[in-house]
Structure formats: C-alpha cells, structure tokens
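Morning, everyone. Please look at the structure on the screen while I talk.

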Amino acid sequence: MRNCLADDDFVFPQCPVCQKMEKSKKRLQIHVSKRHRPRPTYRYMCPMCSKNYQQTDHVRRHMARCHGVSRDQQGQIQKLPIESFSNLATLKH
Ligand SMILES: [Zn+2]
Ligand SMILES: [Zn+2]
C-alpha cells in the first residue's frame, strides 16, 4: 500500500477550454469565469416585442410587467438558438 498516492497523483486543476493549469480549483474557477464565461445556448423571446431573456421566467415576468399579460395567458415562450442573435449582430456593416 502506498500512503502518499494522493500526493504523487496530485495534478493541478486544468482548464477544460484552454488547458491552462491553475494552482487551485478556486483559481481555476476564477480563470474560467473570467476567460471563458459560459454562454447559454438558447434565449427566450417575448412574442410581443422580441426582447430576449436567458430564462423563461424572465420573459414571463417581463410580459406581466410590460404588457400586462398574466402568466396563465402567456402560453409557450419561444426558445431561440443564441446564434440567431449573434448573427443579427454581425450582419450590420
Ligand atoms: Zn482556460
Ligand atoms: Zn415584450
């Protein structure tokens, strides 16, 4: 039995995105959140004014507040791939 297996096997936590090693998990978390902010893949769109939000709940709250549509009248919230928004942004010259 090797008692110091844990020490021998110790590897620095590594960033899954750019393979950079950090000295601790905490530092890696900071690195990832600063360098590679995880982006949601979808956004949810208000059917009335095309404003988009990261969560259905935000759309529902927005619809209730801005359009006076209560939650049970809102129906399905449209889910759109985030690329469609970034494409729109890059389209303008
Ligand atoms: Zn990284
Ligand atoms: Zn709206």
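I'll cover confidence, then the fold, then the packing.

This is a predicted model: local features need pLDDT of at least 70, side-chain atom pairs count only at pLDDT 80 or more, and totals for chains, interfaces and linings use all residues. Residues are numbered from 1 along each chain as its sequence is written, and chains are lettered from A and ligands numbered from 1 in the order in which they are written.

Confidence first. pLDDT is the predictor's confidence in each residue, from 0 to 100. The protein chain averages 83, and 76% of the residues score at least 70. Helix H1 (residues 5-9) is lowest, at a mean of 56. Helix H3 (residues 56-67) is highest, at 96. Where pLDDT is low, the predicted coordinates should not be read in detail.

Now the fold. The chain has five helices and three strands. These are DSSP runs, numbered from the N terminus: helices are H or I, at least four residues, and strands are E, at least two. The pattern along the sequence is α-α-β-β-α-α-β-α.

Pairing takes at least two DSSP bridges between two strands. Two bridges join E1 (residues 42-45) to E2. In one of them, methionine 45 partners asparagine 52 in E2.

Back to H3. Just after H3, glycine 68 takes a positive phi of about 65°.

Last, packing. Of the 93 residues, 4% are buried, meaning 20 or more other C-beta atoms, placed from the backbone, lie within 10 Å of the residue's own.

Terms used:
Buried ≥ 20, exposed ≤ 12 C-beta atoms within 10 Å, placed from the backbone.
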